[in-house]
Amino acid sequence: MTAPVVLIAEQLSPATLAALGPDFEVVHVDGTDRDALRSALGTADAVLVRSATQIDAEALGWAPKLKVIARAGVGLDNVDIKAATQAGVMVVNAPTSNIISAAELTVAHILGLARHLPRAHGSLSEGQWKRSSFTGTELYEKTVGIVGLGRIGALVAERLKGFGVELIAYDPYVTPVRAQQLGVELVSLEELVSRADFLTIHMPRTPETLGMIGAEQLKAMKPTAYVVNVARGGLIDEAALAGALGAGEIAGAALDVFMQEPPADASLTGLPNVNVTPHLGASTEEAQEKAGVSVAKSVRLALAGDLVPDAVNVAGGVIDEYVRPGLPLTEKLGQVFAGLADGPIGSIDIEVHGELAERNVEAIRLAALKGIFSKVVSDPVSYVNAPLLAEQRNVEVRFSKDGDSESYRNVITIRGALTDGTPVSVSGTLTGPKQIEKIVEVNGYELELPIPAHLLVFSYTDRPGIVATYGGLLGDAGVNIAGLQIARDEKKGTALSVLSIDAPIDEALVAKLSEAIGADRLQTIDVEEL
């Protein structure tokens with residue numbers, strides 16, 4: 001029997017090769033040389049890359065035998081996940097390989113800001129001795145605000161405890177119990193920015209978090225405060241940050257990531273009160289080795305047909321062909337559920353109704369949790385680590401299935417409760433020969449609407465003129481309504497409108513809409529295409 005071919009497209013550590021073991025034919029190629037890559041992919045069963053090799057739709061077309069793409073690191077910008085999924089190729093990464101390195105770099109940047117280390121070094125290396133110019137500040141008894149208390153945020157908190165700081169955090173999806181375990185006080189974002197002497201952000205970059213630390217937040221900070229971003233470029237509005245630094249609204253910043261890398265200009269990198277590094281969060285020998293070893297193990301599992309813990313697009317192993325089309329639907333329902341949940345989640349019930357209940361539907365439970373937590377945490381979420389994320393946050397998860405489904409052949413429901421008792425639910429199904437993904441229930445209201453990229457969901461007292469009111473406001477703002485469903489509860493006298501809109505809307509328009517229609521709850525939800 002011919003040994004599977006594993007293609008190593010970039011430089012990896014000897015430990016990575018050792019973790020692969022002797023059961024494969026290992027081939028090396030320079031992945032940045034497209035001609036060489038094309039030739040090598042023709043016989044490859046697996047390919048291991050870092051960040052330089054582009055595995056796009058074209059490259060996938062060169063690889064008829066390819067079963068798994070392994071990225072020795074966290075980011076997957078150089079891998080076309082959608083094209084890989086369509087081609088039936090598993091994509092794996094190493095989501096926890098760099099968390100310690102990223103947390104330590106965060107602490108290093110905080111210390112560097114507190115003691116002006118880069119500027120002092122630069123001055124002395126030029127032959128100057130200006131001790132009085134670099135008087136710093138102690139971390140002791142200062143307030144550190146952590147935006148995003150996921151794995152990296154939690155590691156930062158643990159490491160800063162030894163400095164005797166006061167730790168506060170903003171994370172709408174972390175429960176008070178979890179925060180208490182970490183010794184962190186949960187506060188609103190408004191309170192955090194006003195109290196923090198150092199602000200560090202550890203969130204995923206999504207439409208909701210892009211620019212979440214902007215001009216308003218920076219103006220509310222102390223003039224002696226510092227901000228740090230070692231997470232994702234764009235979480236801090238770069239133009240607003242440059243303006244705040246120039247106006248003296250804050251004392252300084254440290255950045256490891258940028259909206260465009262490398263940065264297009266020196267508007268931030270050239271400022272004297274900004275410490276910058278070229279995206280070094282994962283650039284340690286330990287992180288690189290962990291990443292290589294981790295994906296090598298995943299490749300072994302994938303080629304053996306086993307469940308792969310760090311698969312980002314499939315659960316690994318054998319999934320029933322009747323169940324498989326429901327996985328993207330379920331992930332999207334999870335994203336909608338997370339968008340409807342405007343506070344910490346206390347419990348989640350995942351229900352499968354209809355013919356699917358006769359099959360092995362364990363992957364649906366995993367898909368639901370993956371969809372939910374991909375919108376909740378800053379770390380990469382896979383089918384295997386999603387249950388662990390729920391456990392870490394003390395979220396009770398229940399799973400059930402039954403053969404009854406009145407209106408549709410199959411219905412998948414995700415229902416749950418926030419920690420304050422507020423109920424949340426969403427249901428969906430696949431309809432017709434083309435298996436169209438549709439939402440069929442939201443918070444107890446029945447409807448039927450294809451799942452769009454941008455949703456606007458709001459409940460209100462049912463009365464005439466509401467559609468004209470919000471239709472007019474959206475039209476005046478240049479927002480097109482692509483689809484609309486209204487459901488009513490005649491006994492309660494309430495209604496729910498679910499709108500598919502062509503583009504996300506800003507907070508100012510959300511507030512205006514909510515006030516105009518007297519909404520009980522109004523939420524905008526962005527659903528990522530899978």
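**Backbone geometry in the loops**

Analyst: Glutamate 141 is found in the loop that runs between α6 (117-125) and β6 (143-147), where helices (H or I, at least four residues) and strands (E, at least two) are DSSP runs, numbered from the N terminus. The model is predicted, so that local features need pLDDT of at least 70, side-chain atom pairs count only at pLDDT 80 or more, and totals for chains, interfaces and linings use all residues. Residues are numbered from 1 along each chain as its sequence is written, and side-chain values use heavy atoms, with hydrogens and water left out.

Although glutamate 141 is not a glycine, its phi is positive, at about 70°. Its relative accessibility is 59%, and glutamate 141 therefore counts as exposed, given that buried means under 20% relative accessible area, exposed over 50%, and partly exposed in between (1.4 Å probe, protein chains only).

Glutamine 435 lies in the loop between β16 (423-431) and β17 (436-442), and because its relative accessibility is 39%, glutamine 435 counts as partly exposed.

The remaining feature concerns a peptide bond: the one from glutamate 261 to proline 262 is cis, with omega near -5°. Proline 262 has its place in a loop as well, the one between β11 (252-255) and β12 (274-276).

As background to these features, most residues other than glycine have a negative phi, and most peptide bonds are trans.
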